[in-house]
Amino acid sequence: MPRLVAFGLHTPPNRYDLYCEPLADRIVLPRGAAREEALAAWASRYAARVEHHCRLAPYNWFNFYDFWSTDR
């Protein structure tokens, strides 16, 4: 089953550019010791696509929840 990634980037004043692209035709992770290495390779590939789109629109990425706050 194909794995896709999708991004919606805001373009001022009132537009969104939507991107949907294939990440892989199929992801199969081996069992055993090679599993961690294979998983890291897929995570790196995904992170590269996120980085690409972050660089296209660096001010589109924000989060309203303060995950890093030390006040609880």
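This is a predicted model: local features need pLDDT of at least 70, side-chain atom pairs count only at pLDDT 80 or more; totals for chains, interfaces and linings use all residues.
Good morning. I begin with a pair of charged residues: the side chains of Asp17 and Arg15 meet in a salt bridge at 2.7 Å, N to O. A salt bridge here is a side-chain nitrogen of Lys or Arg within 4 Å of a carboxyl oxygen of Asp or Glu. Side chains of opposite charge can pair when their charged atoms come close.

Residues are numbered from 1 along each chain as its sequence is written, and side-chain values use heavy atoms, with hydrogens and water left out.

Helices (H or I, at least four residues) and strands (E, at least two) are DSSP runs, numbered from the N terminus.

What radius of gyration does the protein have, and what would a compact globule of 72 residues have? The protein has 16 Å, whereas the globule would have a value near 11 Å. This radius is taken over C-alpha atoms, and the globule rule is 2.2 Å times the number of residues to the power 0.38. The C-alpha trace spans about 50 × 35 × 20 Å along its principal axes.

Buried residues make up 14% of the 72 residues. By buried I mean under 20% relative accessible area; exposed means over 50%, and partly exposed lies in between (1.4 Å probe, protein chains only). The accessible surface comes to about 6500 Å², and 58% of that belongs to carbon and sulfur atoms. Such areas come from the Shrake-Rupley method with a 1.4 Å probe; for residues, only the protein chains shown count as cover.

Contacts along the chain can be described too, where contact means heavy atoms within 4.5 Å. Among contacts between residues at least 6 apart in sequence, 32% join residues at least 24 apart.

I now return to Asp17, which is found in strand 2, residues 15-24.

The loop between strand 1 (3-11) and strand 2 contains Pro13. A cis peptide bond joins Pro12 and Pro13, with omega at about 5°. Most peptide bonds are trans.

How many salt bridges does a search of the whole structure find? The search finds 3. One of them joins the side chains of Arg49 and Glu21, at 2.4 Å, N to O. Arg49 lies in helix 1 and Glu21 in strand 2, so this pair ties together parts that are 28 residues apart in sequence. Arg49 is partly exposed at 26% relative accessible area, while Glu21 is buried at 16%.

The side chain of Glu21 makes a further polar contact, at 3.2 Å, with the side chain of His53. Leaving aside neighbours within four places in sequence, Glu21 is in contact with Arg3, Leu4, Val5, Arg49 and His53.

Another salt bridge joins the side chains of Glu51 and Arg55 at 2.9 Å, N to O. Both residues lie in helix 1, 4 residues apart, which is about one turn of the helix. Glu51 is partly exposed, with a relative accessible area of 40%, and Arg55 is exposed at 64%.

Which residues make the nonpolar surface patch of about 460 Å²? Tyr65, Phe67 and Trp68 make this patch. Patches are made of residues with over 30% relative accessible area and no salt bridge: like charges are joined within 9 Å, and nonpolar side chains (Val, Leu, Ile, Met, Phe, Trp, Tyr) within 5 Å. Tyr65 is placed in the segment after helix 1 (34-56), and Tyr65 is partly exposed, with a relative accessible area of 48%. Thank you for your attention.

Conventions. A polar contact is a pair of N or O atoms within 3.5 Å; within protein, one must be able to donate a hydrogen and the other to accept it, and residues adjacent in sequence count only if both atoms are side-chain atoms.
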